[in-house]
Amino acid sequence: MMETPERKVMLLDMNAFFASIEQQCNPHLRGQPVLVCGSRSTRTVVVAASYETRPFGAKSGMPLGEALRLCPKAIVVEANPPKYLDTARGIQDLLLEFSPKVEIFSIDEAFLELHPQEDPFAVARAIKARLRERFTLTCSIGIGPNKLVAKLAAGLSKPDGLVWIHGDEIPEIFASLPVSELCGIGPRVTKRLQSLGIWTAGQLGSFPPAQLRAHFGPFWGELLSAMGRGIDPSPVVSCLVPPVIKSVGHSYTLPRDTSSPAELRAHLLCLSLMVGRRLRADGYAGRTLRLTLRTSDFTTFCRHRTVPRWLYHGQQIYQHAWHLFESLPWPGPIRMIGIAVASLAKGARQNELFAENEKEQALLRAEDTILDRFGEFGIKPASLLALSRKRSSEDHPWTFTSAPADSRSLAGARRFIRTR
Amino acid sequence: MGYVDVQEPVLALVEFSPQGEIRPLAFVRAGRRHRVKQTTYRWRTGKGRETLRYFAVTTESGDAFQLSYREDSATWWVEQVWTAE
């Protein structure tokens, strides 16, 4: 019987993506430590740190204040999401020239499935050359027999690395590889595994699967056991296949913690309008409203409510969200607020049309026409004029949440790249 | 080193190639003419139906600017100014 050839999966990881783009845009930033942040407020988090900041310990995901304490000479640049998204779209198009199977894993990472007969080193080098030529950007590429190993390989050599882990090399590499290095194993699972005496990926692979199932449940136990053996049968899902959207949401970290009902109402209305607009743009309506609040001590409250009518209208979402907010015991000053609509159905809005006030429908249609022409918030309720900052979905795409919720920040960009 | 957001319409000298490429060559801001030395990055985005094209450029004076071309109004703007100081 002929042996099935080993899969050739590639993960492309753009190096310090946002920071590299900013350094490319502005020659003054090249060779300098750069921190790219959501805003210039010290409450924001670092979304990208250039390689020059790494020796100081600054990294993405860190609060800006902390990153600046570690690297006081760093230059802070406010993120420019449209710039990164346009670049990501360009990279996606470029990758599709090499394989029809390209999966956007996050805004700066993508998987490619190559034909088993292709030389992955040659393809990887060609991709790197094209990226350098077109965007003057570098990437690290990992190649493996599946997504798990390809992701691991990409992380082994940064920046501008190229690593291929063959299937027969897995046992040797995994023998000494800390279990936390495997994609999908976070700090909590790592701790639980360590309590079982599992410190390396190799130990995980040789651990009795029955015991893993007993500790983590049948699904996770089996998955962890497979991961420890370098097995990952998950396919590379082409970005050309429209994603299944389970919820649509937005969240916002306030410039300062607030207890002001007026300010909270305005932010809630703003988020509701953004959610409603996205639902209508994609032809969805939903029945479940989810409200998330984070207080100044980082405690997060999440409440949801299923309502009898389909939700797609910003004002209607806002009314329900405010009722949900009022039903909560006062949690203290609010730091972050988020709204999502779930239990979605495509075209469900049509069933509501007869139940709606005709005047209200006409108003909504007129509003959408204006927003289509002039952009988001081209028209808005007067109550939002009090919000000093500009709120736009194009300005803050990383606050999007489009379930299936994935583990990456900037996850919503995935959807954004596909649909624009 | 720092930057300022300005959003000023400017008079611009631009090359529109037959292939559809757009290349800013020079612009006048506050009475001063800036010759573009290099376009270091370009990207585009949409606002409603309007397409906005952005160009990160460096000038012969050593400064860096972010320019935009608003297709609907066919106008050029300086969006951001970076200075070396």
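I began with B:Ala30, which is exposed, having 8 other C-beta atoms within 10 Å. The cut-off I used calls a residue exposed at 12 or fewer such atoms. This is a predicted model, so I read every value below as computed from it. B:Ala30 is not a glycine, yet its phi is positive, about 50°. I found B:Ala30 in the loop between strand E2 (22-29) and strand E3 (32-47) of chain B.

**Positive phi in chain A**

Next I looked up A:Thr136. Its phi is positive at about 55°, and it is not a glycine either. A:Thr136 lies in the loop between H4 and E7 of chain A.

Just after H10(A), A:Gly283 has a positive phi of about 75°. Then I tested the length of H10 (residues 261-281) of chain A. Its 21 residues, at 1.5 Å a residue, should span 30 Å. The C-alpha atoms at its ends are 30 Å apart, so the two agree.

**A cis peptide**

Which residues does the cis peptide bond join? I found A:Lys158 and A:Pro159, with omega about -10°. A:Pro159 sits in the loop between helix H5 (147-155) and E8 of chain A.

**The open sheet**

I traced an open sheet of five strands in chain A. The order is E5-E6-E1-E7-E8, with mixed pairing. Strand E5 (102-106) and strand E8 (162-164) of chain A are the edge strands. Each has a single partner strand, so one side of each has no neighbour in the sheet. The average twist from one strand to the next is 15°.

I then followed one pair inside the sheet. Strand E1 (residues 8-14) and strand E7 (residues 139-144) of chain A run antiparallel, paired over six bridges. Opposite A:Asp13 I found A:Ser140 in E7(A). H3(A) packs on the sheet and touches E1, E5 and strand E6 (109-114) of chain A. The direction of H3(A) makes about 150° with that of E5(A).

**H3 against H4**

H3(A) also meets helix H4 (residues 120-135) of chain A. Their axes come within 11 Å and cross at roughly 145°. I logged the crossing of H3(A) and H4(A) as right-handed. From H3(A) the contact uses A:Thr87, A:Gly90, A:Ile91, A:Leu94 and A:Leu95. From H4(A) it uses A:Ile127, A:Arg130, A:Leu131, A:Arg134 and A:Phe135. By class, I have six nonpolar, two polar and two charged residues in this contact.

**Where the chains touch**

How many residues does each chain give to the contact? Chain A gives 18 residues and chain B gives 15 residues. On the chain A side, helix H1 (17-25), helix H3 (81-96) and helix H13 (358-374) each supply at least two residues. That side of chain A divides into seven nonpolar, six polar and five charged residues.

**Chain A overall**

Chain A has 14 helices and 13 strands. Of its 420 residues, 39% count as buried. I took contacts in chain A between residues at least 6 apart in sequence, and 62% of them join residues at least 24 apart.

Note on methods
Residues numbered from 1 in each chain as written. Chains lettered and ligands numbered in written order. Predicted model: local features only at pLDDT ≥ 70, side-chain atom pairs only at ≥ 80, totals over all residues. Contact = placed C-beta atoms within 7 Å. Helix = DSSP H or I, 4+ residues; strand = E, 2+ residues; numbered from the N terminus. Nonpolar A, V, L, I, M, F, W, Y, C, P; charged D, E, K, R; others polar. Pairing = 2+ DSSP bridges. Axes fitted to C-alpha atoms, helices over the stretch in contact; angles between N-to-C directions. Buried ≥ 20, exposed ≤ 12 C-beta atoms within 10 Å, placed from the backbone. Expected span 1.5 Å × (residues − 1). Left-handed = near helix turned anticlockwise from the far one by under 90°.
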